[in-house]
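Please look through the sequence and the model before reading on.

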Amino acid sequence: GIVITFLILIFLKKILNNFYKEIKNKRIVNWIILISFLNYPFLKDSLSCGAMSICVLLILIAIYFYPINIFKSSFFICIAATIRSNFVYIIFSLFISLLIVKPKGYKRILIYSLLPAFISYLISYYFFFSSTPQTILSNIFMTSFRNLDQFYEIVLPLLPVENTDELFKWNPNLLEVIKLLFTNSKLIYSAIIIYFMKIFHFLGYLGPDLLWDHRSIYIQRIPGLIYSLIILIPSFYFSIFFVFLNFFKNIRFFYKKEIVISLMSLTYIFIHSLYLGDPRYLIGMHFIFIMIYLRL
């Protein structure tokens, strides 16, 4: 876990130094590394050899090799795609961002990085990921939070399921969900509230989870809360401001690559929050939010 953590930080610094080689003040790279390192979900996942951190490490290695050796880059990104079932959100988010912004060489990235990664993901989905009973459509009405039974007290009577176990295994089609939503305003309201709660939960604001810890180490919740309120939530709002502003007026201070990855990180969190809103799934993307935050 210690090796994985240091490798992530080393490759991140190499990539950022190259990314910001034209900037005279190099201290911004050190600040990005330091603030990213202090993110509790990142530390917890990387030091415990979590699958998300291993996936992020492989992505960073792929990015590092991309200008040097395209085949090594494709190899590492394909392995990363086989490790996490939520990797498809990364693929889709980057795909959308590249098509909208169209930076220099974006077609090369689509062909040599995204296409092989998507094929690799499909193979893993067929043999393994498809065994998961959850679906995005059923997860619209679910949360990953503890001590939020009041949500289910409202939602369950409005759905064709009896309890949370059935909701977890429920596999509706799109038309069924649309029909349920648009025939009951209370259900629409509940789904919207759950969705926004997931976004803030994604950003480290744990809500009722702040009062829950199975190890009774409650003091650990305070640094995470402070980090969320001071770093991640403001950086999320700043990234939205940054992306929208650049659509109306091109700011020469920023690189086009920054617009791409900022739009990618926002697309990722907006789509992923339909499914789950766990802070550990923001690992990797939190680097980007902090980059834009400090640059702004």
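Helices are DSSP runs of type H or I with at least four residues, and they are numbered from the N terminus. The model described here is predicted.

## The largest pocket

At least two lining residues come from each of α1 (2-19), α4 (51-65), α5, α6 (87-101), α7, α14 (256-275) and α15 (285-295). The largest share belongs to α4, which supplies seven residues of the lining. Sorted by class, the lining of the largest pocket consists of 34 nonpolar, five polar and seven charged residues.

## Packing of α5 and α7

Two packed helices are described by the angle between their axes and the distance between the axes. For helix α5 (residues 70-81) and helix α7 (residues 106-127), the axes come within 8 Å and cross at roughly 35 degrees. This crossing of α5 and α7 is right-handed.

On the α5 side, the contact involves Ile70, Ser73, Ser74, Ile77, Cys78 and Ala81; on the α7 side, Arg108, Tyr112, Ser113, Pro116, Ala117, Ser120 and Tyr121. The contact of α5 with α7 has eight nonpolar, four polar and one charged residues.

## Aromatic pairs

The structure contains 21 aromatic pairs. One of them joins Phe11 and Tyr64 in an edge-to-face arrangement, with 5.4 Å centre to centre and 75 degrees between the planes. Because Phe11 lies in helix α1 and Tyr64 in helix α4, the pair ties together parts that are 53 residues apart in sequence.

Note on methods
Residues numbered from 1 in each chain as written. Predicted model: local features only at pLDDT ≥ 70, side-chain atom pairs only at ≥ 80, totals over all residues. Heavy atoms only, no water. Axes fitted to C-alpha atoms, helices over the stretch in contact; angles between N-to-C directions. Left-handed = near helix turned anticlockwise from the far one by under 90°. Contact = heavy atoms within 4.5 Å. Nonpolar A, V, L, I, M, F, W, Y, C, P; charged D, E, K, R; others polar. Phe/Tyr/Trp six-rings, centres within 6.5 Å; stacked < 30°, edge-to-face > 60°.
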